[in-house]
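Dear colleague,

Please find the structure below, together with its sequence. I would be grateful if you would read the notes that follow with the structure open beside them.

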Amino acid sequence: MSVVLVGISHHQAPVELRERAALDPEHAAELARTLAGNRGEAVCLSTCNRTELYIAEESADEAERKAEAALLALEEQLGPSLYRLRDEAAALHLFRVAAGLDSMVPGEGEILGQVRAAHESGATGPILDRLFRDALHAGRKARTETAIGESPASVSSAAAALAEQVFGDLGGRSVLVIGAGEAGELAIKSLRARGAVIAFVANRTQERAEVLTRRFGGEAIALEDVACNLEHVDVVLSSTASPDWTLERGDVARTLHPRRGRPLFLIDLAVPRDLDPTIHELDGCYLYDIDDLQAVVAETLAGRRREADRAEGIVAHEAERFREWQAALDVVPAIASLRARAEEIREAELERAKLSGAERRAAESVTAAVLNKLLHLPTIRMKQAAAAADGVIYADAVRHLFGLEDER
Amino acid sequence: MAEFLFWPALLAYGEAAFAYYGEARHPGRAGRAATWGVRIGWLVQTALLGVQAARADGFPWSTWAGSLNLFVWFVVGVYLIWGCRPRYRLLGLVVLPLAVVLFALARAGGGTETIGQSDYSNLFLVLHVGLVLAAFAGFTLAAGLSALYLWQERRLKRHERTILSVRAPALAKLDDVAARTIAFALPALTLGIAVGIVRLEDRGGSYDALMAVTALTWAVYAGYLALRHFAGWRGRRAAYLVLAGFALVVIVRLALPVTHFA
């Protein structure tokens, strides 16, 4: 059985092509079933960055032809962007994909779920089931044993992660939102995903503020009321188009005493900036503007790339294990035949001996032990040879020596 | 036997100190190796203390070096409460090198040997020395947490790019855990001092410089808790106060014991 991969990804294909080859989960599952047919196996992995078809069949050429045809049926201009990989190379590619090493942002976490979903909806058999299980294992291992997926990769998630550096768990921490821009919305989502609660939303127009409070909760307030509500919040998030400061140093300084040492984390996503930068000098106040956040993200991405080198090692090791397992499949029939033949001889000889009950039990125990000990080393050696690509030669030799040719 | 146990304990603490350094550079396996080093070292040191207690005729840590040995055990023991958590591992960078140095000093002073007998009653020594050392161990940990707080706060104030790459515990957590540690340690110190004063009054004797500095230490930490509770002292100011208190602990532990143990 060979494993074949044919696909396109963000490396070769622009988004205009990828979007035409993208499949929703239902269509991906249907395509996998069609490609698998009655005797094969197929999985379709379709994300915004890639559409890949994995097929396991006796004939690699036939599998490759079917996969190509399926993708070209989606978009005929895909041809030059398609890549084709087989067996070890296909496995290594999938393992890298699952670990996020082939993603636009190294180590991004979403891909692992997408690989899992593709596996679950695919038409898998023993080969692709094992391949995808191992890929998921490799992806998890790369993430747990390296820091490739730990640090945030966007400004909004960096802002939330920095808030956690101040407060720890953000569960129950209250947020004051000033302005209702798109960048602000992403940051609100990141903060809420970590358990923070939107307490107030202030905006130039009351209507827009109310739209946001309906979506994210909290109370809509006027911009003039921001300063007097500072005392009650832990995080301030500002992203207005205002040319003036929405909060000045004095506004924040006045709240320090009533806050009794509680820290205040301020996120300024606006350009021009909304928050007076001297607020950062106040005791217990931490202000991050867009440049500060982008610098942090640049560093975390660089860190992810450094970690990617370590993750590559993990993935290569796991891919090698899969290769060994797949190679061992070539000798499994020979091992099974050998054991079956040995067992058959043992049973026949025991029958011929005409032993009493107790004698038979003792003889069975002894002969089974002898058989196992005798066959243990050849079994191990054949599996080792299979991993080293000599397996077929060994398997043929065993079949010839023990007269197992008829059972092929 | 006690001497035989000293080296593996020191080796395990030393391994942990190096591993914490590795953890700070590349978080992951080094941190786990460090945690296991601390655990194993602490268990071996516990066995060492057990052997000392079994063989001694009386309280075996009444000497300066002996009390240092016990102090290290308390410090590492208290550290183990949080140190096993990944976020607090960096605290090991402060605690473990200190433990290694003090443990080696304890041995150099003969504090890891089995001694004959002490002039003081066992109950008095267990209560007085045990409680004071346990409190000092708590203050040492609180100082480590406060140092980590100041480092992390400085990184946030400087907008350091690596703030999310090399992660430390959150400021609020560090502040809170330091305060809780002191809230547990201060009553122990109060009791330890009270036992000492009762004995001093009972047997007669004079107050020495160590007692005065210990009382000052008590006042600093009591002031810290009072200011925190009544005046809302948190953050940087509170961390500096904890470190000031710890400077007194260092003086009590290292500079003045000669007067007290004499």
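Helix α4 of chain A, residues 87-98, has a length that can be checked by simple reasoning. The model is a predicted one, and all values here are computed from it.

How many of the 12 residues of α4(A) are buried? The count is 9, so the helix is mostly covered, a residue being buried if 20 or more other C-beta atoms lie within 10 Å of its own. Among them are A:Leu92, A:Leu94, A:Phe95 and A:Val97, as well as A:His93 and A:Arg96. The cover over these buried residues includes the strands β1 (2-9), β3 (50-57) and β4 (83-86) of chain A, and also its helices α5 (110-121), α6 (126-145) and α12 (290-328). Just after α4(A), A:Gly100 adopts a positive phi of about 80°.

Turning to the whole chain, 15 helices and 10 strands are found in chain A. Of its 408 residues, 42% are buried.

Chain A also touches chain B, in a contact that takes 26 residues from chain A and 18 residues from chain B. On the chain B side, α6 (171-203) and α8 (235-255) each supply at least two residues. The most comes from α6(B), with 3 residues. By type, the residues on this side of chain B are 8 nonpolar, 6 polar and 4 charged.

Yours sincerely,
A colleague

Methods. Residues are numbered from 1 along each chain as its sequence is written. Chains are lettered from A and ligands numbered from 1 in the order in which they are written. This is a predicted model: local features need pLDDT of at least 70, side-chain atom pairs count only at pLDDT 80 or more; totals for chains, interfaces and linings use all residues. Helices (H or I, at least four residues) and strands (E, at least two) are DSSP runs, numbered from the N terminus. Two residues are in contact if their C-beta atoms, placed from the backbone, lie within 7 Å. Ala, Val, Leu, Ile, Met, Phe, Trp, Tyr, Cys and Pro count as nonpolar, Asp, Glu, Lys and Arg as charged, and the others, Gly among them, as polar. The expected span of a helix is 1.5 Å times one less than its number of residues.
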